[in-house]
Structures are given as C-alpha cells and as structure tokens.
Amino acid sequence: MRQLRDSSPGEYRFGTATTVAGVNDVLAAVQAVLPSVRADLEDLIRIESVWADPARRVEVVRSAEAVAGLLTAAGFPDVEVVAAGGAPAVIARYPAPPGAPTVLLYAHHDVQPEGDPAQWISPPFEPTEKDGRLYGRGSADDKAGIACHLAAMRAFGGHPPVGVTVFVEGEEESGSPTLRALLTAHREALAADVIVIADSGNWSTELPALTVSLRGLADCVVEVSTLEKGLHSGIWGGVVPDALAVLVRLLASLHDDDGNVAIAGLYEPPAATDLDIPGEQVRAEAGLLPGVTQVGSGTVPQRLWHKPSITVIGIDTTGVDAASNTLIPSARAKISLRVAPGGDPAAHLAALRAHLESHAPWGARVRVVDGEVGAPYAIDATGPVYDAARAATESAWGVAPVDMGMGGSIPFIAEFAAAFPDATILVTGPEDPASAAHSINESLDLGVLEKAAGTEALLLAALAPACG
C-alpha cells in the first residue's frame, strides 16, 4: 500500500480537482448522480433490516443482497456478501491504480427497531419527503452513508482515482458482535491506507464537522431482592421493605443533586473544545418539556463528549395494570454507562458494579449481571489526510468544518484502529442534530446528503497521486 506520510507541500494536493474548475466538475458530477442515488436510498429504506428482531433477519439478508447489487452496478468488480456467524455484511473492492492509496468506506445497512409506528409522521419504512427532509427508519443512520459511497463512485463513472473498498456492516445497531471475526477473516481484503466511517453527524445543516472523539459504553442489569415472596402491603407495609423502593433509592444514588454522575473512580478528561450549544437549542432539539431543566455541570459539549453519563434504560417490575396491594419481592433495571475518551470501559463497569453492590439500602440483596462494553476513542486529527479532508469539506459545504466529539458510542472504531494501526481513520457522516437517529421520525436533510457526498468524492480526488 502507498504510505500516506507527512511530505513536502503539494505532494498530496488535489489530483483530479487541483483547480477551482476541477472541484466544480467533481461537485457537478455528484449533483448529476444524486437523483439515482436518492431513488436507491429510498428502496433501501423500504427494506426492514432490523437485525435485533429475529423475525426480520431475512430482511437483513435481503438488504445485504440489495447493497451488493448496487455496488456491483456502481462499478466495483469484486463484490461479495460475507458473514462470520452473525448478520451479513458486504465487501466491494475497486483496485488502486499504480501509486495510489486505497480508501475504505464504511457504512451499515441494519437499522434500529422503529418503535410505535403511530408516533411517526409517516410510515417508518416508507420514505417520505417533507420540508427538504427524507423521513424513514435508516434514512440517516446509516443507509445515507451507503448513499454517499454510491454517489462518490458514480461521480467518477465507476473509475475513481484511488483504490476504493466499501464495507457495509449488517449488525452495527446490535453492537457489532462479529465484527472482529469479520476483520480477521477478511483482513487482506479490507486493508487500506485511509478509513472513512460515514456514521456520524455535523454541527448543523450549515456547518460541517469531523468527529474526533467518541464515548465508550458499558452496561449491566442490577436485580434487588428483599422478600421470598410478595406480601400484603397493608399487613406488612411500613415494616418490611419492598424491592421497588430499594431499586428506586439505589438508582437515585447514581447521580448527585445536580445530575452529575456520582460513582467513584470514573475517568473525566479535561475539556478540549470551545464550542457550546445554547440552552434554547438544547431544549428545542431534545424536546425538553416546559419547566424541565438540564442536568450536570459544565458546557453542553463537555457533558456530552468529555464526561461519563449514566442512563437507566429499562426496569422490570409489576406493571401498573397488573398492580395489587402487594409488596414486590424483587425488581431489576438495565443501566447504560457512557465512558469518556481515555477511560477503560471494563474498569468503569467494575466501578458501577461496586457502587451498586454497596449502596442498596436496608440490607437488600443485590445481584449485578455484567453486559457489553465498548471502547471510547480519541482521534489524532492531524496530518495530510486530515488536511485533505478539511479542504474537501470546505469546498463542498462552502465553510470550514469544526472538530466535534460524539456523545454516543461507535465501539467498532477501536476495532478498526486495532486491526489496521497504520491507517488514518476519518469519522464523518450525513446526519445533523435534527436527524433523530434511533428515535421516531428519523430523517435526512437532503441538502446535507449532497454536501456529504460531494465531500467524499472530493476527498477521493484529493488522495489521488498529484500529476506533474
């Protein structure tokens, strides 16, 4: 592979887009293919590729086959659907011209469950345009990433100036459990000088961003028990503790009165950004109800990118409709912990477990079952590849990108970094704060799609060997 090293000025200048005219030609080519790309994106959205739902795993297979067909038609001579005991993924390869690097373009074709369809403004698997946004599950996360890769390949007529490998995963929304096995089994096919992960977002629809840090993840299930069996609440209430009251007090101990995480031993790096998000913007984008305030201390980016957070994401207990005047003997909850960049998710999970085991009131029995862990990641966003990426982004958007973190987790980035330590990793994407990934009414801003696709095509051009 070509070594992308620091070099003399101009060595890594735009190859097919050195001049303003060249940049405009690439962007015009992207614009010309967007109608066909959008049509293919809409077809992909119609496939209910929810790997987390066993009843719809056949749809994930169909989705992989559809992606493979699109990549073949786009000009990739080597396309295969692969698996390593989990969901099907797609690998497509276009060989590098002599002296050119290879760029790996990542996306995933599986999607989150849609939730209650009645809460959507349109059917979740029927793409619907409204006010310049395309609604539908997977429209942004992450079938739009596939669309960007298709647009870039088609803009070059199926013959990009660098080697291009596209890797489209099928179980990212389920934690990528077989990704490591896939990377091991197909290491040679996936080897690249640059890895572009199109599964992130931008500061806004007008201001692009490069994602340079991501929080990690650890989760567990805690179960508390106080009784051998349920008891009449009138006869024993006020003397015997019920498990739900114990669980409520235990979960409340995870935060202080200001909403900061109150677990000892968690890592918190110094804040590394001057960016901030106004309170009214947080309220509007998050949908905070009137009177509800933010939690935690520090700026919004500090709390989202550089601090741990804890969320109770599920509780098992007697439902309201089935409630009786009975002391509940046991109850359990699932807890999700986000780990700041630089933190060890396994150590954080151990700290969470220790806190839960030591903070239950009234001698209640506590059992903690460890769940999944995913590593955080901080990227060194310097060097010639990042210089090219920033120039390509500014050309496509008309404004220079900002560096931002991500409050969510993409643990597989650490897997890529471990598998290909010499590759430069770029984390980009076509999302914006209104995309509502994982939520109801997920949507894609069509203007952002065009700019993200243009950025990717210009980046491929920028990484081509300079002529002359």
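This is a predicted model: local features need pLDDT of at least 70, side-chain atom pairs count only at pLDDT 80 or more; totals for chains, interfaces and linings use all residues.
Residues are numbered from 1 along each chain as its sequence is written, and side-chain values use heavy atoms, with hydrogens and water left out.

How many residues of α13 are buried? I found 15 of the 17, so the helix is largely enclosed by the rest of the structure. Buried means under 20% relative accessible area, exposed means over 50%, and partly exposed is in between (1.4 Å probe, protein chains only).

Next I checked what caps the N-terminal end of α13. That is Asp445, with a side-chain oxygen 2.9 Å from the backbone nitrogen of Gly447. For polar contacts I use a pair of N or O atoms within 3.5 Å; within protein, one must be able to donate a hydrogen and the other to accept it, and residues adjacent in sequence count only if both atoms are side-chain atoms.

**The sheet under α13.** α13 lies across β4, β5 and β18, at about 65° to β18. Contact means heavy atoms within 4.5 Å. Axes are lines fitted to C-alpha atoms, for helices over the stretch in contact, and angles run from 0 to 180 degrees between N-to-C directions.

Those strands make an open, antiparallel sheet of three, ordered β4-β5-β18. β4 (128-130) and β18 are the edges, each with a single partner strand, so one side of each has no neighbour in the sheet. On average, neighbouring strands here are turned by 25° against each other, direction ignored. Strands pair if DSSP finds at least two bridges between them; β5 and β18 run antiparallel and are joined by three. Asp445 turns up again as the bridge partner of Arg133, in β18.

Most residues other than glycine have a negative phi, and most peptide bonds are trans. I went looking for exceptions. The peptide bond from Asp141 to Asp142 is cis, with omega near 5°. Asp142 sits in the loop between β5 (133-135) and α3 (143-155).

The loop between β17 (424-428) and β18 (443-445) holds His438, and Asn441 is in the loop between β17 and β18 too. His438 has a positive phi, near 75°. For Asn441, phi is also positive, near 55°.

**The four-stranded sheet.** I then moved to another open sheet, with antiparallel pairing and the order β11-β13-β9-β14. β11 (309-316) and β14 (365-374) are at its edges, each with a single partner strand, so one side of each is left without a neighbour in the sheet. From one strand to the next, the twist averages 20°. β11 and β13 (residues 330-339) run antiparallel with seven bridges between them. One of the paired residues I looked up is Asp316, whose bridge partner in β13 is Arg332.

Which helices lie across these strands? α7 lies across β9 (216-225), β11 and β13, at about 15° to β13. α10 (residues 345-358) lies across β9, β11, β13 and β14, at about 165° to β14.

**Ser253.** This residue is in the loop between α7 (243-252) and α8 (279-286). Ser253 counts as buried because its relative accessibility is 18%. A polar atom of the Ser253 side chain lies 2.6 Å from the backbone oxygen of Leu250. The Ser253 side chain also makes a polar contact of 3.0 Å with that of His355. Leaving aside neighbours within four places in sequence, I list Ala262, His355 and His359 as the contacts of Ser253.

**Cysteines.** Cys148 counts as buried at 2% relative accessibility, and Cys220 counts as buried at 1%.

Notes
Helices (H or I, at least four residues) and strands (E, at least two) are DSSP runs, numbered from the N terminus.
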